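Here is a short report on a predicted model.

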Amino acid sequence: MCKKDFNVKVNKSEVVAAVLPMQEHWLPLSNLDLLLPPLEVGVMFCYLNPIIISEKINMNLEFNSIVKILKTSLAETLVSYYAFSREIVENSAGEPELLCINGGVSPFFHACDLVNVPNITTITCPVTQLKCGGIIVGCTFDHRVADAYSANLFLVSWSELAQCKPLSQFPSFRRSSLFPRHPGYYDDSIDELYVPVSILPRMKSEILNPNDQVISRIYYVTGDKIEHLQSLANCHDKKGTKYSQRSKLESFSAFLWKTIACGINKETSGFNNFRFGIVVDGRTRLISNNVDVNNQDKSLKGYFGNVLSIPFGEKKVEELKEKSLHWVANVVHEFLDIAKTQEHFLGLIDWVEAHRYEPSIAKIYAMNGDGPAVVVSSGQHFPTKKINFKWDQPAFWSYHFPWAGKAGYVMPMPSPKGNGDWIVYMHLVKWQMELIEASPSHVFEPVTANYLNLI
């Protein structure tokens with residue numbers, strides 16, 4: 001049990017009244033927001049006992065004072081990030097929109113059990129005190145409202161206001177940045193990546209298998225191993241020809257794809273193909289040379305919402321087993337190239353407009369038991385050094401992506417040690433996790449207190 005158990009609430013009217021009139025206000029979701037299903041994404045920050053922190057930073061801290069700092073600064077942050085204190089409801093066309101009203105709801109909680117914290121708005125921020133005195137600060141937000149880039153903007157702003165600093169970046173809710181073109185146009189490749197939900201085949205009825213249970217675990221990968229994987233992905237041929245440089249993320253993704261494939265038994269699993277995708281942020285790619293670049297650059301840099309695409313590749317399991325890591329890395333690079341242009345994202349916006357008003361989804365998530373699928377989303381831009389709520393950086397952090405389907409999700413992030421290691425959050429089917437842990441390469445190691453230098 002925790003030492004304390006009570007709720008601290010911020011009334012939403014305290015936040016909304018500063019930016020909105022007393023009547024209802026609707027904020028539409030963009031076309032790219034509409035591609036996201038209802039999904040709560042979480043992020044957590046773990047801190048040492050305040051007594052230990054106080055000695056380290058020469059500042060007298062108690063749990064109640066920490067709660068007060070977080071509560072006050074959160075209310076101030078939500079004035080600018082008002083979309084996070086709103087409710088998502090269906091409009092007359094059946095699409096989700098943000099309803100901005102002055103109701104009394106509570107995005108901030110002091111609780112003992114993270115699981116039991118209610119989700120009333122598009123964001124909740126539980127603060128938990130552990131028996132050892134350690135503290136966990138969490139945020140859970142609706143993915144339809146924000147992607148990880150947007151959530152990072154919010155977290156940095158929250159920490160800046162907690163330190164009484166001015167905001168280094170204001171959020172932009174300028175939906176016109178993502179308006180569809182008239183007339184609209186999109187390449188056929190978009191049809192290979194996204195699909196209207198209505199045309200998906202009915203899910204097969206399956207007997208529940210314990211190995212099909214989806215679980216979450218967190219590992220670390222040393223910087224040396226990441227560089228080694230990159231060197232293997234960039235190997236030379238027998239003639240000494242130097243290949244194009246593959247990034248660390250491409251090399252890591254290729255290794256993960258191949259590692260899981262190598263453990264699949266085709267005869268017992270019945271899997272022939274394996275899908276693998278990587279999330280691409282479109283902000284830098286949407287800047288146009290035909291408009292005021294400076295103004296659009298500023299708008300998209302602070303744009304709050306989803307600006308994502310998920311290109312993927314699909315290969316036979318046996319082929320992934322037989323081919324080299326270099327070959328798999330080239331496949332990863334090729335399918336990523338599809339989503340690296342401005343036209344891809346403009347076409348994706350137009351594709352959604354052409355298929356309104358019905359829900360659509362990324363095809364890689366639309367599995368029907370015909371083979372495994374895994375998505376990697378890079379968290380390497382996670383602003384580790386900027387998130388400081390006044391009492392130094394956290395001892396540990398991680399995102400949490402509890403996707404309900406069987407498509408896996410993996411997010412590599414920088415380690416708190418700041419030495420080039422990666423923290424890797426994985427949300428995978430149990431048998432996939434077991435294959436990774438049994439891999440003879442021992443690339444993935446469990447995060448322990450010893451690794452974090454806590455003991």
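The largest nonpolar core of this predicted model holds 132 residues. Those with the most contacts inside the core are F154, W158, L256, Y365, Y399, M426 and F444. Helix α6 (residues 248-262) supplies the largest share of this core, eight residues. In soluble globular proteins, nonpolar side chains tend to be buried together.

| Helix pair | Angle | Axis separation |
|---|---|---|
| α3 (residues 63-80) and α4 (residues 148-162) | about 125° | 8 Å |
| α6 (residues 248-262) and α10 (residues 325-337) | about 115° | 8 Å |

**α3 with α4.** The angle of about 125° makes α3 oblique to α4. Their crossing is right-handed. On the α3 side, the contact uses I69, L70, S73, L74, E76, T77 and L78. On the α4 side, F154, S157, W158, L161 and A162 meet them. By class, the residues of this contact are eight nonpolar, three polar and one charged. F154 and W158 take part in this contact, and both are also listed among the core residues with the most contacts.

**α6 with α10.** This crossing is right-handed. From α6 come E250, S251, S253, A254, F255, W257 and K258. They meet L325, V328, A329, V331, V332, H333, F335 and L336 of α10. Here the division is ten nonpolar, three polar and two charged.

Key
Residues numbered from 1 in each chain as written. Predicted model: local features only at pLDDT ≥ 70, side-chain atom pairs only at ≥ 80, totals over all residues. Heavy atoms only, no water. Axes fitted to C-alpha atoms, helices over the stretch in contact; angles between N-to-C directions. Helix = DSSP H or I, 4+ residues; strand = E, 2+ residues; numbered from the N terminus. Parallel < 35°, antiparallel > 145°, perpendicular 65-115°, else oblique. Left-handed = near helix turned anticlockwise from the far one by under 90°. Contact = heavy atoms within 4.5 Å. Nonpolar A, V, L, I, M, F, W, Y, C, P; charged D, E, K, R; others polar. Core = buried A, V, L, I, M, F, W, Y, C linked by side-chain atoms within 4.5 Å. Buried < 20%, exposed > 50% of the residue type's maximum accessible area, 1.4 Å probe, protein only.
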